[in-house]
Each structure stands twice: as C-alpha cells, then as structure tokens.
Amino acid sequence: MNDLSKYSLEYAAPADDLKELVSSFYWFRADIEETQQTERADRAQFRFLLEGSGGYEFSDGVYMDSAKITVIGPTTGPTIGHVKGPIEIFGAGLQPAGWGTLMGAAGEQYSNRLIDATAIFGNGLLDVFQTIKMAKTMEEKVAIGNEFARALLRRAEPAPFWFTRLVDKWLTSSASPDINDLIEESGLSKRQVERLTKRFYGAPPKLLARKYRALRAASRIVRREEADGEAVEDAFYDQSHLIREIKEFTGITPGQARKAPPELIRAVAEHRRKLAGKVDPLISDA
C-alpha cells in the first residue's frame with residue numbers, strides 16, 4: 001500500500017545559532033496502516049519515531065529496523081521506508097558540521113546505515129522523546145528540538161566550519177563543480193580533501209558533486225522550474241546521463257518526476273523550497 005492521501009508534513013528552519021549544524025526540522029504524520037515510501041539520497045537525519053514502527057531498506061539492499069530514536073547516516077542513493085502506522089515522525093536534518101560535531105565518527109562509516117541513538121547518547125533521550133511527543137504544535141516541537149540540539153552539541157568538539165563552508169560553497173558554485181577548484185581553494189592535497197569530505201559528508205567529492213547535481217535537477221523537475229533560467233539538461237552530458245543520474249540518487253526517472261512523482265518526494269521538494277532564504281541554498285534548492 002502506497003497511499004499517502006491522509007498525511008501532514010511541516011518544515012521549519014532551525015534557530016540562527018544552529019543553522020550550520022542543523023539543516024531543518026520536520027514533522028510528518030500519516031493516517032495509514034502500512035506503506036513503503038521512497039526517500040531520495042540526503043544528508044544525515046536524527047529522527048524521533050513518535051508513533052508507528054518500521055525500518056529502512058538502503059540502496060545497497062541492507063534493511064534495518066528503526067529504533068524509537070534513530071540517527072540515519074548520509075545516504076548516497078534512494079532509501080525505501082517500510083512503515084506500519086499510523087505514523088508520526090519528528091526529525092532534524094544534520095548538516096555535515098553537525099554530523100562531525102555530534103557523532104565524531106566518519107560519515108562514510110555510517111553512510112546508508114542507521115544507529116539507535118540511545119546506544120550513543122543514553123536513555124536520557126527517552127525523556128526528550130516524551131517531551132516532543134506531548135508538544136501539540138510545530139512551534140513547540142521546534143523549540144524543544146533547538147534546545148535538544150544545543151544540549152547535545154555543546155558537549156562535543158566543534159567540526160571545522162571553514163571546511164564545510166568551503167565545500168557547501170563549492171557544491172553550489174556550479175551545476176557540475178570541478179574537484180580541482182575545491183582542492184585549490186582549500187589549500188589541501190587531494191587525499192586530505194577526500195578524507196574530510198568522507199568524514200563530514202559521507203562521500204568523496206566527486207560522488208558528492210554528482211549527488212547534489214542530481215538532487216537539484218530532480219527538485220527543479222518536481223517543482224516544475226525547468227523553464228526558469230538554465231535548462232536542467234545543461235548540467236549533464238546528454239539525456240541518458242540525466243536519466244541515469246537522477247534515477248541513481250532519487251529512485252525515479254525524470255519522466256516520473258514530471259508526470260507522477262511519489263507523494264513524499266514531491267512534498268519534500270516543495271516544502272524545502274519554502275525555506276529559501278531561511279536555510280542554506282544547498283538545502284532549499286535540493
């Protein structure tokens with residue numbers, strides 16, 4: 001069953017002091033019995049499963065059950081969420097610097113995998129879970145989420161913001177960013193750049209550039225922005241390259257994105273676009 005006709009999705013920007021650590025907050029609810037939904041490749045996520053149960057099937061075929069409080073590592077391909085509802089999730093996207101500060105471990109080690117957050121941060125998280133669950137509005141949940149993020153992040157060693165700012169700028173500088181530009185501007189060796197992007201972004205630079213190129217293109221197609229400015233196809237070698245890349249990172253073809261995108265992919269693209277000006281363009285555009 002894939003019906004999401006009875007669902008609610010809200011997005012909100014984090015507090016200003018958290019914007020380089022948290023990409024956005026979201027609250028998803030669906031009155032369903034059972035469903036499978038495809039999520040496109042994305043940054044790491046911190047999720048509270050407030051109601052329902054399920055798990056995630058990652059792009060390499062590995063399935064993992066979701067805990068009540070789950071950290072999902074950066075994903076490099078589409079993920080299928082298997083859900084038994086009714087379902088309610090409150091989550092936060094983790095910026096690369098947020099991942100590095102919060103987790104410490106290399107993002108590549110947990111790419112396309114999930115972790116029970118209580119195994120890392122302790123059962124005290126269950127109190128936060130109950131507080132978020134009891135909150136009635138998005139504003140209340142986001143306020144709790146902001147304080148929770150601050151409490152966790154202040155314990156940790158800050159990630160190198162200079163590097164994540166540089167990579168984010170590089171990823172948005174061009175439809176097809178050149179890794180040599182990143183190496184030159186960073187002043188690091190190719191090996192050092194690759195090591196740091198794997199740690200904070202969960203992927204080497206070339207894969208990272210391909211991922212966000214495909215996500216930007218797919219989002220523009222879903223939101224019907226293809227006629228605005230540069231054509232989507234211009235960022236790819238040819239039509240077959242466009243189709244192959246978008247399918248690899250989103251699980252759907254450009255044709256499906258134009259005619260009948262999965263409801264969750266469509267909703268996420270539209271809601272993130274509404275955050276333009278409040279969050280990094282890498283989030284709102286992709």
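In this predicted model, Asp-16 is exposed, with a relative accessible area of 64%. Its salt-bridge partner is Lys-19, with the closest N and O atoms 3.0 Å apart; Lys-19 is partly exposed, at a relative accessible area of 28%. This pair belongs to a total of 17 salt bridges in the structure.

Another of these bridges brings together the side chains of Arg-113 and Asp-60 (2.8 Å, N to O). Arg-113 sits in the loop between α1 and β8 and Asp-60 in the loop between β4 (44-57) and β5 (63-65), so this bridge ties together parts that lie 53 residues apart in sequence. Arg-113 is partly exposed at 24% relative accessibility, and Asp-60 is partly exposed at 44%.

A buried example is also worth a look: Arg-213 and Glu-245 are both buried, and their side chains meet in a salt bridge (3.4 Å, N to O). Here helix α8 (residues 205-222) supplies Arg-213 and helix α9 (residues 239-250) supplies Glu-245, so parts 32 residues apart in sequence are tied together. Through shared partners, Arg-210, Arg-213, Glu-245 and Glu-248 form one salt-bridge network.

Two backbone details complete the picture. Gly-85 and Pro-86 are joined by a cis peptide bond, with omega about 5°, and Pro-86 is found in strand β7 (residues 79-94). Asn-112, though not a glycine, has a positive phi of about 60°; Asn-112 is buried, with a relative accessible area of 9%.

Methods:
Residues are numbered from 1 along each chain as its sequence is written. This is a predicted model: local features need pLDDT of at least 70, side-chain atom pairs count only at pLDDT 80 or more; totals for chains, interfaces and linings use all residues. Side-chain values use heavy atoms; hydrogens and water are left out. Helices (H or I, at least four residues) and strands (E, at least two) are DSSP runs, numbered from the N terminus. Buried means under 20% relative accessible area, exposed over 50%, partly exposed in between (1.4 Å probe, protein chains only). A salt bridge is a side-chain nitrogen of Lys or Arg within 4 Å of a carboxyl oxygen of Asp or Glu.
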